[in-house]
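Hi everyone, thanks for coming. Let me put today's model on the screen, and then I'll walk you through it.

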Amino acid sequence: MKINERFYPLVATLAVLALLYGYGIFEHRAFSDTYVLGALLTDNAFLIITAVGMTFVILSGGIDLSVGSMIAFVGVLMAELVTGFGMHPVLAAVISIIVGSAFGAVMGVLIAKFDIQPFIITLAGMFFLRGMCFLINLDSVPIDHSFVSEFSGFKIPLPGRGWLTASAVLMILTVIGGIIIAHYTRFGRNVYAIGGDRQSAELLGTPVHATIIRVYALSGFFSALSGVVFAFYTASAYPLAAVGVELDAIAAVVIGGTLLTGGMGFVIGTFFGGIIMGVIQTLIAFDGSLNSWWTKIMIGALLFGFIVLQRLITRSFSGMRAGAS
Amino acid sequence: MAQATQPQQTGKTVLSVRGAGKFFPGVKALQDVDFDLHEGEIHALLGENGAGKSTLIKVITGVHPRDAGSVTLNGEEIHPNHPGDAQALGISTVFQEVNLIPTLSVAENLMLERQTRKFGLIAWKKTDEDAKAALEILGLDIDIHRPLGSYSVAIQQLVAIARAVALDARVLILDEPTASLDAEEIKSLFRIMRDLKAKGLGIVFVTHFLDQVYAVTDRITVLRNGELVGTFVTKELEQIDLINHMLGHELAEVSAHRHQDEGNYTGPKREIQVKNLGKKRVLEPVSLDLQAGEIVGLAGLLGSGRTELSELIFGTQRADSGLVFMDGEPVMLRSPRHAIRAGFGLCPEDRKQDGIVAELSVRENIMLALQGRKGWLRPIPRAEQQQLADKMIKALGIATPDSEKPVGQLSGGNQQKVILARWLVSKPLLLILDEPTRGIDVGAHADIIKLIKELCDEGLALLVASSELDEIVAFADRVAVMRDREKVSELTGAEITQENIIEAIAR
């Protein structure tokens with residue numbers, strides 16, 4: 001039987017991951033150790049959590065540039081709530097996530113109701129949130145609380161020398177949650193439908209506006225959650241943190257096989273996409289002789305490849321339609 | 001053919017439209033139209049472009065609110081606000097363009113927003129079973145997990161029908177479903193339509209292929225210019241009469257034939273020869289001669305190749321055979337730009353889409369072709385533009401307060417005049433008019449016809465494609481008749497009558 005066309009990009013993603021990981025193990029014995037895996041999951045946790053939210057946005061045919069600023073904003077807000085108001089970090093995290101989701105929802109309303117390009121609205125959101133960081137705090141501040149040190153001390157040992165941190169566990173739960181939302185709820189399927197063909201989705205009875213608003217609220221939720229994880233992980237807040245993370249998240253989504261034009265892709269692909277970016281970084285660190293900018297070069301090359309692959313797949317689809325009409 | 005169409009005269013009326021009216025600014029899209037659909041019948045809805053077919057469907061399905069009349073479903077008046085409402089009431093529509101999601105699987109397209117859920121999560125097993133069941137109604141056996149876009153348009157259309165029918169539909173509206181299907185696919189579509197009809201569904205079938213109408217329908221309703229011509233039993237209506245209903249005016253109120261008073265043009269003799277111009281799968285090679293001071297009519301049904309011939313001559317589509325000669329010299333027609341440089345002009349059928357630039361002013365719209373011909377490096381001075389625009393507004397009687405009003409705010413007839421003015425200032429040799437009077441009210445209609453005649457006297461060669469036969473008969477010196485993407489006949493002088501044209505189309 002023929003493999004379903006929808007899985008082609010995911011298969012390509014897995015092939016790239018296997019190739020890179022295999023190369024790492026072949027070149028460096030230590031690469032096969034679970035220590036590397038544990039570090040990969042931890043170091044890329046906040047990126048992957050953000051990218052899960054970004055997956056929904058891109059699936060719906062949109063883009064969210066505000067997520068990097070959101071991470072920094074949430075960090076600064078939490079630092080203020082914990083050290084300034086003496087709030088418990090968990091409560092501060094919940095408040096931050098609610099604020100982040102609400103901000104996402106507001107951007108969603110502007111995008112859906114006024115039919116404005118998501119690029120522009122979320123660009124505005126990006127500047128707005130980054131500016132808000134400085135309004136609250138100008139410098140890097142530590143988040144001092146016993147809970148935060150407990151969070152960073154939490155470890156689940158893996159076979160071998162590695163372990164799973166709290167960030168990694170949260171990230172894995174987020175990915176599972178994302179998969180359930182994407183594939184087992186009507187909202188999730190409607191996101192795919194709108195990204196596939198918005199006009200048709202409307203005629204098929206999909207609540208387009210409500211879905212788009214929820215997509216950006218969800219992206220706000222995930223990026224705020226990512227901000228919480230980032231703040232706990234670094235135990236500090238810095239207004240200039242996570243600059244450019246929105247672009248890393250988009251790259252993870254695309255390398256994970258989600259169509260940039262929307263409608264096709266998998267949350268699990270985004271997970272692999274994020275891991276691939278981490279593996280590239282680790283490989284270059286292991287090598288030692290290469291400068292870190294090679295990470296960017298490799299990721300750029302991979303993006304070129306995946307975007308061309310996507311084009312070929314969409315063309316085979318639209319070709320069917322155009323050829324016959 | 002006939003055995004397929006047992007008349008179902010006893011069928012209960014399921015959908016009834018009375019006195020439906022829909023008016024857009026300057027256009028009566030639909031006026032006082034009655035339409036009845038019985039249970040278990042296939043009812044053809046016919047008419048040329050702009051006859052009101054789509055408007056009627058949009059009024060029934062709630063895309064447009066109706067301005068007059070009533071729509072009743074099973075005896076109850078309905079007021080759907082959008083197609084979703086109509087669908088919930090039992091009126092499903094399948095459009096020519098497949099309105100499904102190509103990137104989603106077949107099953108998901110069938111079940112979108114209807115998935116079975118357990119504890120708020122989609123139960124995929126049950127949902128897939130439902131999808132399979134929906135396809136079984138049509139006898140369609142395909143892998144429901146593959147993306148819809150990987151299947152042919154025919155299958156996609158059937159999936160759309162399956163979705164429409166799965167929703168307890170009592171009325172199924174098929175809007176040009178066969179436009180992109182091949183002969184085999186059309187056959188299986190017809191088989192499915194007959195099955196659904198046997199199950200008691202009322203089917204409205206919009207098409208412009210007359211042989212299909214006779215193959216599958218029980219009754220025919222013909223619209224023209226937004227008005228009802230009549231409803232007929234298919235078996236009792238000869239094809240030639242049907243064409244007559246679609247194109248001709250029964251009342252021959254035709255004014256003086258132009259070909260009786262021709263010869264007003266006395267300038268130099270210039271001629272344009274179209275030799276074997278054609279394009280694979282678009283138009284069979286056509287030859288046609290046009291002379292300065294002559295009006296050639298282009299007659300034929302919708303889809304007969306009228307518009308295609310205009311587009312090939314103007315270079316909108318590139319011909320793959322044949323040439324156009326001007327005074328014996330071949331002309332390069334690779335794009336509209338070349339055609340305009342050569343002295344051709346085209347007033348397109350879809351005025352809003354292809355003709356006017358709605359946001360630009362009357363003056364700017366008028367200057368487009370002339371400026372395009374000169375090239376953007378040599379701008380026309382503002383004073384000269386103003387002078388030309390004012391002259392044209394006066395000469396053509398364009399009703400606008402001043403030359404700076406955006407064209408989009410004018411009525412259809414005045415927009416058409418602006419497009420005519422655009423070509424006139426660039427002094428073309430050949431002007432192609434595709435449906436010049438479509439959607440224009442009666443007063444402006446007469447103006448445009450008068451203008452066409454005057455232009456001709458000034459030495460233009462005119463090629464006018466129209467579905468209004470009385471119009472063609474009234475002004476054409478010669479008529480080329482098109483059928484099935486081919487020129488089938490050419491009539492001159494006294495031969496030009498509505499009867500002869502209809503006969504040439506039906507033959």
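Where pLDDT is low, the coordinates should not be read in detail. Chain B averages 83, and 92% of the residues score at least 70.

Some housekeeping: this is a predicted model, where local features need pLDDT of at least 70 and side-chain atom pairs count only at 80 or more, while totals for chains, interfaces and linings use all residues. Residues are numbered from 1 along each chain as its sequence is written, chains are lettered from A and ligands numbered from 1 in the order written, and side-chain values use heavy atoms, leaving out hydrogens and water.

For the complex, the predictor gives an ipTM of 0.85 and a pTM of 0.74.

Now the cysteines. There are zero disulfides (cysteine sulfur pairs within 2.5 Å) over all chains. The sulfur of B:Cys456 has its closest cysteine sulfur in B:Cys347, 15 Å away, so that is too far for a bond. B:Cys347 counts as buried because its relative accessibility is 1%; buried means under 20% relative accessible area, exposed over 50%, partly exposed in between, with a 1.4 Å probe and protein chains only. B:Cys456, at 0%, is buried too.

That's my tour, thanks!

Note on methods. pLDDT = per-residue confidence, 0-100.
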